[in-house]
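Student: Could you walk me through reading strand pairing and the places where parts touch?

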Amino acid sequence: MLPLSYAVRNLFRSKSRLLQTIGGSAMVVLLVMASVAINNGMKRVLSASGSDRNVILVGAGSEESIQRSEVPERTAGIAEAAVAGITENLGVRAVSSEIHYMNYISLPNGNRSQALLRGVTLQALRVHPEVRLTAGNFPGAGELMVGRLAWRKLGLAESDLKPGGTLTLENQSLKISGIFAAPGTVLESEIWATLGDLRVLAKRETISCVVLRLDDPADFAEADLFAKQRLDLELTALRESDYYSRLSSFFKPLRAMTWITAGLIAAGALFGGVNTLYAAFASRVREMATLQSIGFGRGALLASLIQESTLACLTGALLASVIAVAFLDGRTVPFSIGAFTLEVGPGVAITGIVTGLLLGLLGALPPAIRCLKPPLPTALRMS
Amino acid sequence: MKMKTAFVALATAALLASCEKKETTAIAPTTSAPSATLSAVLDTAPTGEPKPIHLIRATAKPGDEITVSGKIMGNAKPFVDGRSAFILGDPAVLTSCNEDPTDKCTTPWDTCCDSPEDKKRGIATIQIVDADGRVLKESVEGIGGLVNLANVTVSGKVAEGSSADSLIINALSIRSGK
């Protein structure tokens, strides 16, 4: 075997080629890491947003979109009395009437942006226990409570959405009463108003859904039975976790696009790298032949050439990992129903390293084989 | 060369396998034997002349003994998982999508082409209750021929809380395939 130092020394024979290889592989690895982080982030936020203990009663036929759903206002009271297994604290059952409404709101900077609003009562805190007020108060009439990531969804600076500020919806100025957190869920990108205010502003006579929190997820059957017994209310019972899983499937094409983009760029970079290495290794045919003639086997030479390429690509992967940790980790990415945070965890890091290794291996193999293929007498005479 | 041929054959097989038409009717397997109460209902033959749901719903009062017939349809999931209850649709009002040969709907029992008004007047809830009047905590899907789109005749009592807008029948006998 040739010593590793031989491969390392050869790396620096052409500094521009080395920089090109490191830069190219860093770009590909960074793209792959970003794709994995985006996919994981979106899946994580959607799966964390739905609890299997929560049941959403929506209007029959509106199972795909709560915003389109229309449920009679009296449903909450009837369901509260009829469905067994609802969580009860201090004699109050966890049943929340909600309006989910998407519309443009006017922002402090004069722009308009699409926001997801939820009309609620205090009961919402019983069915969404992950929601915590981090500043200010729960909204009263004429007020809004904003999720701590709503600024990202609206395209504002974080400082633009503070308690005391105002947002305008349907020409109505609404004061920000507080900020809430709901870690890892899409709720954090929402804006909550009182049910009464949103009913008026959205010009609705019905609510969008009734959310029930159950003691035991197995009691979903009770809610489903209720929906099928009260045919007059025209309801469908959905597990909240199933609703968000379905949303996750809806975003599959979007996630696939990130993979396809990363794949196409990676393929382009790979072919570019292969081309560069063909040229680089072609000029070393005689050098390889000389090494063969003094006793080194073709396998040892192939391993050395792959070492060279892999070292350069792994350096690129290291550079990409540093960039990912510095610029991607913790960054919030908005999407149509909320925002999610990118996490550069062990899974993403391992994917980056494996990509770097594969780039080094696959990029070097064809040119290296071609370089070592000519018979020794021919190779020694090649210029 | 052999490798290439084998690869082409494998790829062709995979492609053809992916084109296979998917089965549309899924019957949830029922693992345990039905309870005595449920068996008694399924083993008893309905009595009386069955009436269409859309006609009987206006006059039926809680406690009345009635016989209805119809098809298990009118909802994307007509059965309640883990409970002895299902939705029965009136074929005189609702049309399951499989009756239209050009319709490729994968859930023909949801009668998605019918209007909400027709669905409202053309469906009833059939449930099997215990001595205390509580719906049995066992699924009926797949038992005694009770599957999506099965023709079913039910005799039973109109349940407490039933109304003209929401007909609920506590079944005393159920027969499918009639």
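This is a predicted model: local features need pLDDT of at least 70, side-chain atom pairs count only at pLDDT 80 or more; totals for chains, interfaces and linings use all residues.

Student: Which strands pair with E4(A), and over how many bridges is E4(A) joined to E11(A)?

Tutor: In general, the side chains of a regular strand alternate between the two faces of the sheet. Here, E4 (residues 95-106) of chain A runs antiparallel to E11 (residues 209-213) of chain A, with four bridges joining them. In that pairing, Ser96(A) faces Val211(A) of E11(A). E4(A) also pairs with E5 (residues 112-120) of chain A, antiparallel, over eight bridges, with Asn103(A) opposite Ala115(A). Strand E8 (residues 166-169) of chain A is another antiparallel partner of E4(A), over two bridges; there Ser106(A) is bridged to Thr168(A).

Student: What do E4(A) and E5(A) form?

Tutor: They form a hairpin with five residues between the strands, and Gly110(A) in the turn has a positive phi of about 90 degrees.

Student: How do I read the domains of chain A?

Tutor: Domain 1 spans 4-47 + 251-381 and domain 2 spans 54-215. Their C-alpha centres are 47 Å apart, and eight residues of domain 1 contact eight residues of domain 2. On the domain 1 side, H2(A) gives the largest share, three residues. That side has five nonpolar, two polar and one charged residue.

Student: And how many residues of chain B touch chain A?

Tutor: The size of an interface is often given as accessible area lost when the parts come together. Counted by contacts, 16 residues of chain B meet nine residues of chain A. The elements of chain B giving two or more residues to this side are strand E2 (85-89), helix H4 (116-122) and strand E3 (123-127). By class, the chain B side has seven nonpolar, five polar and four charged residues.

Terms used: Residues are numbered from 1 along each chain as its sequence is written. Chains are lettered from A and ligands numbered from 1 in the order in which they are written. Two residues are in contact if their C-beta atoms, placed from the backbone, lie within 7 Å. Ala, Val, Leu, Ile, Met, Phe, Trp, Tyr, Cys and Pro count as nonpolar, Asp, Glu, Lys and Arg as charged, and the others, Gly among them, as polar. Domain bounds come from an automatic or database domain assignment. Two strands pair if DSSP finds at least two bridges between them.
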